[in-house]
Amino acid sequence: MTSPESLRVQASTTPRQSSWRAQAPVLAVVSLGGGVGAAARYAASLLWPPPPDGFPWWTLCVNIAGCAVIGVFMVVVTEIRTAHPLVRPFFGTGVLGGFTTFSTYAVDVRTLIDGGRVGIGLAYLTATPLAALTAVWLAAGATRRVLKGRRR
């Protein structure tokens, strides 16, 4: 039989503060990158403003473009070059996380459905993640092929 003492969670031998200090640089670069990505997304919305009652093409295109870039980026930093440990959190999580706008996508779906365009809203709800995943897959595959051809 198991005694209650053997079920207790062992206290960590490293203080919590050292864990926080180890993660502080990651938090800082993700925050900085997120600000850069969000500013780029905002600039894209100024260049291509979404129509008030139309299909949210700019959101769809920004999300697809950001996902394609993450496909290229991840191949380069994981298969081609060794990157500094803060590059992935800065660019992958921060910049591209701030640039892609899946929260706006959710609001757009809700707006379409609440506006009585249920079919378009549901099509958009389905098409965006499929297009985004396809963009990552195609971009990663194309990057591998291009870089493989350059190594020969």
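Contact here means heavy atoms within 4.5 Å. The model is a predicted one, in which local features need pLDDT of at least 70, side-chain atom pairs count only at pLDDT 80 or more, and totals for chains, interfaces and linings use all residues. Residues are numbered from 1 along each chain as its sequence is written, and side-chain values use heavy atoms, with hydrogens and water left out.

The chain has five helices and zero strands, where helices (H or I, at least four residues) and strands (E, at least two) are DSSP runs numbered from the N terminus. Read from the N terminus, the order of elements is α-α-α-α-α. Among contacts with a separation of 6 or more, 72% join residues 24 or more positions apart. Of the 152 residues in the chain, 26% are buried. Buried means under 20% relative accessible area, exposed means over 50%, and partly exposed lies in between (1.4 Å probe, protein chains only).

Begin at Thr101, in the loop between helix H3 (87-99) and helix H4 (102-114). Thr101 counts as buried because its relative accessibility is 1%. Leaving aside residues up to four places away in sequence, Thr101 touches Arg41, Thr59, Val62 and Asn63. Its side chain also makes a polar contact with the side chain of Thr104, at 2.5 Å. A polar contact is a pair of N or O atoms within 3.5 Å; within protein, one must be able to donate a hydrogen and the other to accept it, and residues adjacent in sequence count only if both atoms are side-chain atoms.

Rings of Phe, Tyr and Trp (its six-membered ring) pair if their centres lie within 6.5 Å; planes under 30 degrees apart count as stacked, over 60 as edge-to-face and the rest as tilted. This rule gives five aromatic pairs. One of them joins Phe102 and Tyr105, edge-to-face, with 5.9 Å centre to centre and 80° between the planes. Both residues lie in helix H4, three residues apart, about one turn of the helix. Phe102 is partly exposed because its relative accessibility is 33%, whereas Tyr105, at 11%, counts as buried. Tyr105 also pairs with Tyr124: the ring centres are 5.4 Å apart and the planes at 70°, so this pair is edge-to-face. It links distant parts of the chain, Tyr105 in helix H4 and Tyr124 in helix H5 (residues 118-151), 19 residues apart. Phe55, Trp57, Phe102, Tyr105 and Tyr124 form one aromatic cluster.

Tyr105 and Tyr124 also belong to the largest nonpolar core, together with Leu60, Val109 and Leu112. Such a core is a set of buried Ala, Val, Leu, Ile, Met, Phe, Trp, Tyr and Cys residues joined through side-chain atoms within 4.5 Å. H4 gives the most to this core, with three residues. Not counting residues up to four places away in sequence, Leu112 touches Gly54, Pro56, Arg117, Val118, Ile120, Gly121 and Tyr124.

Thr134 is partly exposed because its relative accessible area is 40%. Thr134 and Gly71 are 63 residues apart in sequence and 9.8 Å apart in space, C-alpha to C-alpha.
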